[in-house]
Amino acid sequence: MSSRAKVSLPQLRAMKERGEKITMVTAYDYSSALLADKAGIDMILVGDSVGMVVLGYDSTVPVTMDDMVHHTKAVVRANPASFVVADLPFMSYQASINDAVYNAGRLVKEGGADAVKLEGGQEMVPAVKAIVNAGIPVVGHLGLTPQTVVQLGGYRVQGRDEAAAEKIMRDAKALVDAGIFALVLECVPEQLALKITSELPIPTIGIGAGSKCDGQVLVYHDLLGLFDRFKPKFVKRYAKLDEEIIQALKKYREEVREGKFPDAEHSFK
Ligand code: KIV
């Protein structure tokens with residue numbers, strides 16, 4: 001049980017109004033959710049990045065609804081005060097409004113998430129409206145949308161030219177009108193993120209979008225230095241846990257081989 005009071009939607013909106021930065025980090029299991037909660041993180045994202053940093057896929061595309069429900073349940077078992085958002089994975093909401101509402105419902109009802117996140121702009125308005133009408137809070141995701149990275153031509157900054165920036169702004173406003181309560185902006189120029197942040201009534205959460213968003217999100221494994229297959233420019237490693245883990249595992253291996261572990265302290269008489 002968390003020692004903090006549960007973070008609520010009005011609280012997140014109030015943080016934007018007060019200019020207080022919102023912190024979000026991904027988590028995919030019970031123990032990482034416990035740590036994020038203990039660190040006082042406002043929002044946990046059970047991101048479909050689980051596919052890349054935990055399940056070993058090359059992209060987020062293969063992640064299934066069952067994967068997302070499984071990982072969301074594990075996070076929610078930590079009972080965090082942090083507000084839990086779960087990603088709708090690729091093709092769980094694009095084919096029909098029914099799919100979108102049904103699968104958003106699974107993440108909340110089976111997974112225990114507080115809200116869901118989906119990628120896309122104006123084309124997602126009917127799905128967002130239907131999910132919100134079903135009583136489920138929705139986070140939008142614009143800019144670099146990893147589920148459609150092939151269509152975007154790779155992992156690159158979005159909204160660099162005027163037309164592209166205007167489209168992202170139009171998409172953001174359409175999503176707000178449809179009922180999203182927060183918007184993730186991934187890999188967009190800082191000036192565009194600032195403009196969107198100042199024109200929207202809801203919080204923006206940036207990743208690779210500069211410092212002017214209302215909040216920031218990073219992938220747990222990137223932040224802690226647990227994943228080194230690639231490191232985007234926007235990732236800051238606050239620790240190098242991979243090195244520490246390798247050292248600890250080597251030490252364990254050595255001690256077992258040398259008969260030093262288990263010693264008297266770790267054995268039953
Ligand atoms: O899945 C994820 O981790 C995300 C973040 C990159 C925002 O969507």
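Modeller: First, a term. A pocket here is an open set of grid points where a 1.4 Å probe fits, with protein on both sides within 12 Å along at least five of seven lines. A molecule sits in a pocket if more than half of its atoms lie within 2 Å of the pocket's grid points. Keep in mind that this is a predicted model.

Now the site. The ligand sits in the largest pocket. Which residues are around the ligand? They are Thr-26, Leu-45, Gly-47, Asp-48, Ser-49, Asp-87, Lys-117, His-141, Val-184, Glu-186, Ile-207 and Val-219. By type, this shell divides into 4 nonpolar, 4 polar and 4 charged residues.

Look at three of these side chains. Ser-49 places a polar side-chain atom 2.5 Å from an oxygen atom of the ligand. For Lys-117, the distance from a polar side-chain atom to a ligand oxygen is 2.8 Å. For Asp-87, it is 3.1 Å. How much of the ligand's accessible area does the protein cover? On its own, the ligand has 260 Å² of accessible area, and the protein covers 96% of that.

Next, the chain. The domain assignment gives domain 1 as 9–238 and domain 2 as 241–269. Their centres, taken over C-alpha atoms, are separated by 39 Å.

Two backbone details remain. Most residues other than glycine have a negative phi, and most peptide bonds are trans. Asn-79 is not a glycine, yet its phi is positive, about 50°. Find Asn-79 in the loop between helix H4 (65–76) and strand S3 (83–87). The other detail is a cis peptide bond, from Phe-261 to Pro-262, with omega near 0°. Pro-262 lies in the segment after helix H11 (241–257).

Terms used
Residues numbered from 1 in each chain as written. Predicted model: local features only at pLDDT ≥ 70, side-chain atom pairs only at ≥ 80, totals over all residues. Heavy atoms only, no water. Near = heavy atom within 4 Å. Polar contact = N/O pair within 3.5 Å; in protein donor to acceptor, adjacent residues only side chain to side chain. Areas by Shrake-Rupley, 256 points an atom, 1.4 Å probe, with all protein chains shown as cover. 1 Å grid on protein atoms, 1.4 Å probe; cavity = no way out; pocket = protein on both sides within 12 Å on 5 of 7 lines; lining within 4 Å. Nonpolar A, V, L, I, M, F, W, Y, C, P; charged D, E, K, R; others polar. Domains from an automatic or database assignment. Helix = DSSP H or I, 4+ residues; strand = E, 2+ residues; numbered from the N terminus.
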